[in-house]
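Please keep the sequence and the coordinates at hand while reading.

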Amino acid sequence: MNILLVYAHPEPRSLNGALKRFSVDRLERAGHAVQVSDLYAMGWKAALDGADRIDRDPAARFVPAADSQHAFEHGTQSADIAREQDKLRWADALILQFPLWWFSMPAILKGWVERVYAYGFGYGVGEHSDMRWGDRYGEGSLAGKRAMLVVTAGGWESHYAPRGINGPIDDILFPIQHGILYYPGFEVLPPYVAYRTDRMDAARFAGVCDTLGRRLDTLFSTPPLPFRRQNGGDYAIPELGLRPDLAPGRSGFGIHLADERASSVPYVAQAGEQQGAQREEERARRHEA
């Protein structure tokens, strides 16, 4: 199978750099073809602007959607955008790998999405009427492909638990998984999340590689997150509100999953790590005393 790994970290010698190399090796050893878009190494231009349409009159007012649509339809997109779209067409699966910075992806990766997801490619696809509101949320130009996030976080797993101070990791990643991946049609797999990445020793790294490797081995067999399809009957059109008989009296991100028990599959600390965390907490208590 063909796999595109879009990678966003500025330091090749970082943990992310090591995990990227591990993933490429693991996938290729399994017989997959892999392309990597290393955004920092590529010098990727993050800003969406008028330069993305090469035939645009520089004196004209820039209208992002209209200029994007014209460039996509007339083959006048900047070459870097067209190359990344070709990679997405080629790929059977997409992996976005990034560190969690300020509760989201790094700006350079967001810029990749904004520029590559052109009007007519990532959005603005299909019929918009009182019967159907476009081909999106389960449909679209990227339907039939799979996608997965590989995310590193400096905080503890408990910080991202349902009652954790940072908020649930599923809620934090929802705009990316539902709004960026599911929107144009990807089947979205549960994310792989590694926590406490600033406390990574050789033993923990081996554990991360083991669990990540098993996720990569099942990239094409793991059941996707059961997001509700927009045009599958669960939402009233054109209002696009969830039918009142579904998840009655409830709100929030979880109602957009047909099975609300579905959640991320994070990297779970091993017993030795948990003991280390307890020792760290004890040292902190002694210091505070």
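Predicted model: local features only at pLDDT ≥ 70, side-chain atom pairs only at ≥ 80, totals over all residues.

In which loop does Leu240 lie? Leu240 lies in the loop between H8 and H9. Residues are numbered from 1 along each chain as its sequence is written, and side-chain values use heavy atoms, with hydrogens and water left out. Helices (H or I, at least four residues) and strands (E, at least two) are DSSP runs, numbered from the N terminus.

The description may begin with the paired strands. Strand E1 (residues 2-7) and strand E2 (residues 33-38) run parallel and are joined by six bridges; two strands pair if DSSP finds at least two bridges between them. Within this pairing, Val6 has Ser37 of E2 as its bridge partner. Together with helix H1 (residues 15-29), E1 and E2 make a right-handed β-α-β unit. A crossover is right-handed if, with the strands pointing away from the viewer, the path from the first strand over the helix to the second runs clockwise.

Helix H3 (residues 64-74) has Asp67, Ser68 and Ala71 as its buried residues (buried means under 20% relative accessible area, exposed over 50%, partly exposed in between, with a 1.4 Å probe and protein chains only). Seen down the axis of H3, these residues fall within an arc of 100 degrees, so they line one face of the helix; the arc is that of the directions from the helix axis to the C-beta atoms. Glu73 and His74, on the other side of H3, are exposed.

Just after H3, Gly75 takes a positive phi of about 70 degrees. Thr76 is found in the loop between H3 and helix H4 (79-90), and it counts as buried because its relative accessibility is 13%. Not counting residues up to four places away in sequence, Thr76 touches Asp52, Arg53, Ile54, Asp55, His70 and Ala71, where contact means heavy atoms within 4.5 Å.

The interior can be described through its nonpolar cores, each a set of buried Ala, Val, Leu, Ile, Met, Phe, Trp, Tyr and Cys residues joined through side-chain atoms within 4.5 Å. Of the 41 residues in the largest one, Leu88, Phe98, Trp112 and Leu181 touch the most other members. E1, E3, H5, strand E4 (146-152) and helix H6 (169-182) each supply at least two residues of this core, and H6 gives the most, with eight residues. A second, separate core of 21 residues includes Leu19, Leu27, Ala93 and Leu219.

Backbone geometry remains to be considered. Most residues other than glycine have a negative phi, and most peptide bonds are trans. Trp102, in the loop between strand E3 (93-99) and helix H5 (107-116), has a positive phi of about 50 degrees although it is not a glycine. Trp102 is exposed, with a relative accessible area of 81%. Leu240, also not a glycine, has a positive phi of about 60 degrees and is partly exposed at 24% relative accessible area. Pro238 is found in the loop between helix H8 (230-234) and helix H9 (271-288), and a cis peptide bond with an omega of about 15 degrees joins Ile237 and Pro238.
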